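Please read the briefing below with the sequence and the model side by side, and look up each residue as it is mentioned.

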Amino acid sequence: MAKIQAIRGMNDILPTESPTWQYVEHCFQRVAHRYGYREIRFPVVEQTQLFKRSIGEVTDIVEKEMYSFDDRNGDNLSLRPEGTAGCVRAAEQHGLLYNQQQRLWYHGPMFRHERPQKGRYRQFHQFGIEAFGMPGPDIDAEVILLSANFWQELGIADSVTLELNNIGSAADRRAFGVTLAEFLRAHSDRLDEDSRRRLDSNPLRILDSKVPATRELLADAPVLADFINAESVEHYTALKQLLQGCDIGFVENPRLVRGLDYYNNAVFEWTTSALGAQGTVCAGGRYDTLVEQLGGRSTPGVGFAMGEERLVLLLEELALLPDEARGGVDIYLAAVGDELTGQALAVAETLRQELPGLKLLVNCGGGKYNSQMKKAFNSGARAAIVLELEHGESAPVTAVRLRTLDDAGDSENIALEDLPGRLREKFEFLT
Ligand code: HAM
């Protein structure tokens with residue numbers, strides 16, 4: 001019978017890979033907590049309407065990328081394509097927003113039916129930050145500083161660039177959209193098909209087009225910067241000053257418009273040239289009207305999301321994985337002879353209690369000394385503890401052999417009662 005395979009664009013994360021993922025996740029959690037952000041968890045499935053109303057009806061995500069279905073009750077549901085909408089829904093539903101400030105983070109799988117390629121998947125994972133109730137540029141600066149702190153922690157600060165833009169208010173963009181559409185309509189023969197379709201529905205998205213002829217035409221098009229309201233300009237200018245004051249470098253990218261409709265004022269992306277076409281590792285901005293759009297009282301918000309797959313790829317690409325991301329065990333415990341199986345398990349339990357930081361793998365399934373040592377080497381452990389009866393001795397043993405699993409292969413005999421103390425002395429990581 002044919003074997004069932006995983007769905008295209010949805011990846012398994014294998015035991016050899018998961019230590020890297022855990023390492024990145026621990027780092028993110030540590031950084032988020034360092035800035036006083038608290039974790040929120042919300043469902044993977046929501047009403048489809050939530051995403052339509054927040055991300056926007058005329059966006060790639062809603063038009064063609066959502067996994068939507070009718071459930072058994074006939075409700076139209078979708079797998080979440082991003083986290084901001086669900087985060088706002090949850091925070092609003094539980095009364096976390098009105099008249100309050102909230103600093104939240106989340107992590108988990110998101111789903112988009114995109115064309116899979118390196119760095120772009122149909123199930124992918126995001127780290128997200130959302131801060132509510134703070135209208136000033138200080139919080140925009142804080143979320144950007146938090147992301148920069150995370151790059152430092154991962155060691156990739158020199159490989160990412162911060163791009164900034166001010167996209168003004170929805171009214172600014174509407175006014176700009178009318179002028180832009182007028183200009184483009186006059187040259188519609190030079191537009192690609194997707195862009196032509198967007199002329200009426202969402203002309204700003206045309207700015208994102210990768211088609212060369214469209215890009216050429218856009219070089220002479222009106223620019224959004226000329227349509228931004230004074231308050232937005234002030235906010236954006238203050239943000240840039242705050243970032244400069246904290247030594248965060250950035251480049252301004254007037255073409256940065258984001259693919260989701262809920263943004264206003266400052267938007268940003270962190271990009272890298274080390275990953276090819278999918279080089280955006282983090283993206284976000286301010287969204288002051290989203291809470292109201294979803295039925296809550298007007299509450300300002302700002303946040304970002306990072307693609308975990310892209311961060312893992314980047315760390316691998318730059319060979320920046322520390323020992324911590326290596327995973328594996330510290331010590332392999334071997335017992336030669338069936339009569340020692342029970343004692344081996346008991347010794348292992350004692351060690352686990354006395355040395356809670358120890359990662360200990362016990363040989364199961366018996367085997368000769370050599371075959372157990374082979375398994376010990378393959379486990380990646382630094383040392384093996386061997387229980388073995390000397391000639392004429394009977395179980396239980398009172399001493400074990402400790403053998404390092406490096407080229408030197410040093411070996412020493414240790415009385416059982418001295419074992420935890422000796423391991424502590426020998427292996428720094430256990431203290
Ligand atoms: P986004 O730009 O759609 O924004 O996604 C954020 C990041 O998620 C991207 O920069 C990328 O690193 C990663 N990502 C997106 N799609 C994929 C994919 N198909 N495969 C792999 N990685 C992907 C948002 O999702 C907003 N909710 C961000 C935000 C939060 N804005 C404010 N708060």
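**The loop with P396, and how to read this model**

P396 is found in the loop that lies between strand 14 and strand 15, where helices (H or I, at least four residues) and strands (E, at least two) are DSSP runs that are numbered from the N terminus. This is a predicted model, in which local features need pLDDT of at least 70 and side-chain atom pairs count only at pLDDT 80 or more, while totals for chains, interfaces and linings use all residues. Residues are numbered from 1 along each chain as its sequence is written, and side-chain values use heavy atoms, with hydrogens and water left out.

- The peptide bond that joins A395 and P396 is cis, with an omega of about -5°.
- Strand 14 (residues 383–388) is largely enclosed by the rest of the structure, because five of its six residues are buried; buried means under 20% relative accessible area, exposed means over 50%, and partly exposed is in between (1.4 Å probe, protein chains only).
- Strand 12 (residues 331–336) pairs with strand 14 in the parallel sense over six bridges, and two strands count as paired if DSSP finds at least two bridges between them.
- Within this pairing, I331 stands opposite A383 of strand 14.
- Strand 14 is also joined to strand 15 (residues 399–404) by four bridges, and these two strands run antiparallel, with I385 standing opposite L402 in strand 15.

**Strand 10 and the cysteines**

- Strand 10 (residues 280–286) is largely enclosed by the rest of the structure, because six of its seven residues are buried.
- Strand 9 (residues 264–271) pairs with strand 10 in the antiparallel sense over six bridges, and the bridge partner of W270 in strand 10 is C282.
- Strand 10 also pairs with strand 11 (residues 301–307), again in the antiparallel sense, over five bridges, and R286 stands opposite V302 in strand 11.
- A disulfide is a covalent bond between the sulfur atoms of two cysteines.
- The structure holds zero disulfides, a disulfide being counted here as a pair of cysteine sulfur atoms within 2.5 Å.
- C87 counts as buried because its relative accessibility is 0%, and C282 counts as buried at 1% relative accessibility.

**Around the ligand**

- There are 25 residues around the ligand, and E82, T84, E114, E130 and Y263 come nearest; a residue is near a molecule or strand if one of its heavy atoms lies within 4 Å of it.
- Which strand gives the most to the shell around the ligand? Strand 10 does, with five residues, and strand 6 (123–132), strand 10 and strand 11 each supply at least two residues of that shell.
- An N or O atom in the side chain of R258 is 2.8 Å from an oxygen atom of the ligand, and a polar side-chain atom of Y262 lies 2.9 Å from a nitrogen atom of the ligand.
- A polar backbone atom of F304 is 3.3 Å from a nitrogen atom of the ligand.
- The ligand taken alone exposes 660 Å², and the protein buries 96% of that; accessible areas come from the Shrake-Rupley method with a 1.4 Å probe, and for residues only the protein chains shown count as cover.

**The surroundings of N363**

- N363 lies in the loop between strand 13 (360–362) and helix 13 (369–378), and N363 counts as buried because its relative accessibility is 11%.
- The side chains of N363 and K375 are joined by a polar contact of 3.2 Å, a term for a pair of N or O atoms within 3.5 Å; within protein, one must be able to donate a hydrogen and the other to accept it, and residues adjacent in sequence count only if both atoms are side-chain atoms.
- A polar atom of the N363 side chain also lies 3.0 Å from the backbone oxygen of G366.

**Two loop residues with positive phi**

- D247, in the loop between helix 9 (230–245) and strand 8 (251–252), has a positive phi of about 60° although it is not a glycine, and D247 is exposed, with a relative accessible area of 72%.
- A319, in the loop between helix 11 (308–317) and strand 12, has a positive phi near 50°, and A319 counts as exposed at 69% relative accessibility.
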